[in-house]
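Subject: Structure handover

Hello,

Here is the structure I said I would pass on. My notes on it follow below.

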Amino acid sequence: MIKTEKLTKIFRTEEIETSALNNVNLHVEKGEFVAIMGPSGCGKSTLLNIVGLLDNPSGGNYYFDGQEVGHLKEKNRTQLRKGNIGFVFQSFNLIDELNVYENVELPLIYLKYKAKERKQMVESVLERMKISHRRKHFPQQLSGGQQQRVAIARAVVANPKLILADEPTGNLDSKNGLEVMNLLTELNKEGTTIVMVTHSLHDSEFAHRVVNLFDGAVLTEEVKKQLGEVLV
Amino acid sequence: MFIKRLFKSILKYKTSSILTLLSLVISFLGIIILSLYVSYEKSFDQFHENKDNIYVLKTRMYDYNLPEVLKEVIDKNLPEVEKSLVLKFYGENRVTTPQLKATKTFFDAQSMMASADFFNVFSFKLLQGEKDKVLKNPNTAVITQTLATKLYGDKPAIGEIMTINAKEFTITGIMEDFPQTSSFSTDCLTSYATYTQKNLSLEDRYSEWSFQIVLQLKDNVDGNDVARKIETIPDLVETFKYFKSKYGDEDIFVVKSYNDLHYDISNTYIKTVNPIILKVLVILAIVLAVMGMVNFINFSTSQAPLRSKALSVTRVLGSNRFSSMLQIIAEALTISLIALMISLAIYYEVYSGIESLFNIEGLALNGRYYFIFIFIAFAIVFGIVSGIYPARYISSPPLSQAIKGTGYFKGKGKLLRNVLVTLQFVFTIALLSSSLMIEKQLNFWNKFDLGLDKENVVFLHTTSKIENHAEAFAQELLKDTAIVDYTYTQFIPGQVAMGWGREINGQYVQLKAWPVDDRFIDFFNIEIDEGRAFQKESEADINSFIFNRKAINDFGWTNPLEMNYPGFDFEGPIVGIAKDFHFSSLKEDIQPMLFWRTDTRKNELLLRVKPANYTQLFNRIKAKAKEFDPENNFEVQFLDDSLNELYAKEKNTARFIEFVSLWCMLLAITGVLGLVVFISRDRVKEIGIRKVNGAQTAEVVFLINKDFIKWIAIAFIIATPIAWIALNNWLQDFAYKTEMSWWIFALSGVISLLIAMITITWQSWRAATRNPVEALRYE
């Protein structure tokens, strides 16, 4: 599903040039749950952004579902991203001015679903994330765990093939963190591919495979479980 | 230390400071120019010592044109009148001296006639000669210093001879040039005694309505009382019997205080200004000030989250809220003063350009240097007032929240900002629709069917040599294939200046008289309602008349075609009645008039031409004229252009108002631009999230536009009725006016919306095309 060849990313400011990714080859199978680990500044998030079609690489190739997408224009990237990729962030990234329902509805609007269909899809995912009783609340009125559940609901509402999670438990206590990890696992079981960036060894235990990144390059890969093996 | 910190922070918030400065300069520059202009117009005629006691006499029927004999009658009968004057404006004439004439040197100079008390009533300065004596005797004249220098150089002028249109006058006085702020001015004054020495019959004197009467009343006398008394003077009762019967209880005479004279646009002899225009300009100046302040407040409050955090650090270190506020107000004051300096510098560079562009005067400081202090005081007040709200707002969050710089301001003051932007668009839409409406009215005048065929008509002023060979000259011109037809007349359409007052069968009537040749009626395709046109190529109709329908109706004549009408030293038959057509400005109603068939007044030659290379054609006409009169130079003009000049004043003021409107619009755009910059900044995270969730750039741009569209729609609803009422008022003044159209308002709304959306899109596009990764990194 995801295949990168010699992926590089260089950030330039007026004075300095930083190489964030250096010949990264990453391969993720359909249905896999991959955790990317490594110290701060090793390029985890940069890799995730490129994989998530938010950013283009400076060099190398990126195949998404067999299609070369590393050099697409922003407009086409957005087009491809829509409905195919869902994002979950450490800081939730909900829109403060919109309530729970509206936040979750957002991707469906941009996918041009009809209002009736949207209602159905949002209700069902809120139900599933056990947050439907708070559908009229605004993000500030929710606990961190609840906010992350809303964010996950938004990531999955359009039934994407791939979910990218950037430290999804980073801002949560252990109880809420566990809940989020269970949710992700459940989604993975249902067939959604998941790539997760994390600092937490505990969280990485949920993945099939852990990729360790250091200074922009893949250091080691360890297989935790075989694909298809029942996770915890 | 304080000052250093001040400039540091102004420089630190660059975008905000530049936008603020830009909008303040636009606002101040407009205010400077408008206030100088309005105060200049308001200063007219204020230098006359007696100004509060001076009145100009006018009648309900014929405005300021009166028979000069009235002065005598009034002097004799009304003791309330301290002094009175007769004036007559002659316009431009050729003046010279016997010495200069020898070298064929002539000057064009304005001249007017004035009676002996001129320098006692008015405060114009006489440099040489005695006030009471200079205009006392026949054939004497007072000239201005400038004309004196032109005519006599450094030599003394008193006692010298000058000629005005070949008539000789002795110079008895030299006066200072008329101040720019005098409603009327001239280059030389000739004595009224020159006119009275002709010993005209009383009947003749009553029949020439072309003089102005000025009254200086005794202290505490009410001008209106005096005006009412005039018609009761026994000598006048008989003369005005007819008018009295027509106007009933209305007073025939009215007086205009000299203080208001400058604002009476019906007076065509003097410099006037439309008081409505002045009011509009004052309002525009206030609008500019308000809009400048709105932008200022908007820009500084949108900086609140950043400023608040920075200021709170100083507060943690021991300073208090008051000094934070003081700093923000001081910044506002500094920016305001800097903006004033820049505005004054720009003003100084551009004012003369603006004067010539809109054909206005009074933008120069010219001795009004105290205005600089007024402007500085204004900038100080402006800076402080517009600094207070942002200062309170920015320093409002409790320290604990401010230091974190979190979303204390989220949503706060947003409503106010939106209301302020809406206010700006109210102004913009109202001004824009006014400009469009003024344009429409000007266009209406241009396109109006006058009832005479004015297309492809050119004219030239003749000279006595041409008049002497009028037919030969015309026949020569007709040989040119581009010239189709010709006619001679005393006046071109739009400039009929002769008024006749006549007694006929015991009825006194007043009307415009237009001396024309045998070809005129045909030339202009004027429709004859009743009777016939003048016979062409025949002298049989000489001294006969054609009246317009309006005259016949007004005078209530039942069988005009059987009547004879008195001319000068003759009576002539009325041979026809012309359908009413517009022979003067469309600002006025059609007046009673007559065509007088004569061969004695061929001052103007009108030619109907075929479309051609006009420059070449005009040159051929001029060359031909020069053959007949080598000593003169000739000017050929289109009649259309000359008719349009009747509306030149409206056109100039319209252009000026349009310009100021655009200026205000610029301010509104700066305001919107600033808001969008800040809104985009505040919504960076939201935009990022939306893009991650699949929003395309266009969808983000639309999102930001959407908010503004709502406010502009509200502005439209408020602005339309305001503009409607104002324009209705303006149109009231004109006899012939275009209709108010809904599309004017719709178009203004659409234009405002488009301009706002272009501005918003330009800015929000940048926000929308940013990489969402960057946006989300903010967190």
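**Chain A: the sheet**

In strand β10 of chain A, A:N212 is the bridge partner of A:M37. Please keep in mind that this is a predicted model. The pairing between β4(A), residues 33-37, and β10(A), residues 209-214, is parallel and consists of four bridges.

These two strands belong to an open sheet of six strands in chain A, ordered β7-β8-β9-β4-β10-β11, with mixed pairing. At its edges are β7 (85-89) and β11 (217-223) of chain A, each of which pairs on one side only. On average, neighbouring strands of the sheet are turned by 15° against each other, direction ignored. Helix α5 of chain A, residues 144-156, packs on this sheet, where it touches β7 and β8 (162-166) of chain A. The direction of α5(A) makes about 170° with that of β7(A).

As a reminder for anyone looking at the faces of the sheet, side chains in a regular strand alternate between its two faces.

**Chain A as a whole**

Chain A contains seven helices and 11 strands. What does its radius of gyration say about its overall form? The value is 17 Å, and a compact globule of 232 residues would come near 17 Å, so chain A agrees with that expectation. The C-alpha trace of chain A spans about 45 × 40 × 35 Å along its principal axes.

Of the 232 residues in chain A, 46% count as buried. Taking the contacts in chain A between residues at least 6 apart in sequence, 68% join residues at least 24 apart.

**Where chain A meets chain B**

How many residues are in contact between the two chains? On the chain A side there are 16, and on the chain B side 15. Helices α2 (74-81) and α3 (100-110) of chain A each supply at least two residues to the side that touches chain B. By class, that side of chain A has seven nonpolar, four polar and five charged residues.

**Chain B: strands around β18**

Strand β18 of chain B, residues 571-578, pairs with β15(B), residues 528-531, in the antiparallel sense through three bridges. In that pairing B:I528 stands opposite B:A578. Strand β16(B), residues 545-548, runs parallel to β18(B), and four bridges join them. Here B:N548 stands opposite B:A578.

Strand β17(B), residues 564-566, also pairs with β18(B), antiparallel and over three bridges. B:Y565 stands opposite B:G572 in β18(B). A hairpin with four residues between the strands joins β17(B) to β18(B).

**Chain B: annotated transmembrane regions**

An unreviewed UniProt entry annotates residues 21-40, 276-299, 328-348, 368-394, 415-438, 659-680, 708-727 and 742-762 of chain B as "transmembrane region". I looked at two of these spans in the model. Residues 368-394 of chain B are 93% helix and 0% strand, and the end C-alpha atoms of the span lie 40 Å apart. For residues 659-680 of chain B, the chain is 100% helix and 0% strand, with 31 Å between the end C-alpha atoms.

Regards

Key: Residues numbered from 1 in each chain as written. Chains lettered and ligands numbered in written order. Predicted model: local features only at pLDDT ≥ 70, side-chain atom pairs only at ≥ 80, totals over all residues. UniProt positions renumbered as here; feature names shortened; annotations may be inferred. Pairing = 2+ DSSP bridges. Axes fitted to C-alpha atoms, helices over the stretch in contact; angles between N-to-C directions. Contact = placed C-beta atoms within 7 Å. Rg over C-alpha atoms; globule rule 2.2 N^0.38 Å. Buried ≥ 20, exposed ≤ 12 C-beta atoms within 10 Å, placed from the backbone. Nonpolar A, V, L, I, M, F, W, Y, C, P; charged D, E, K, R; others polar.
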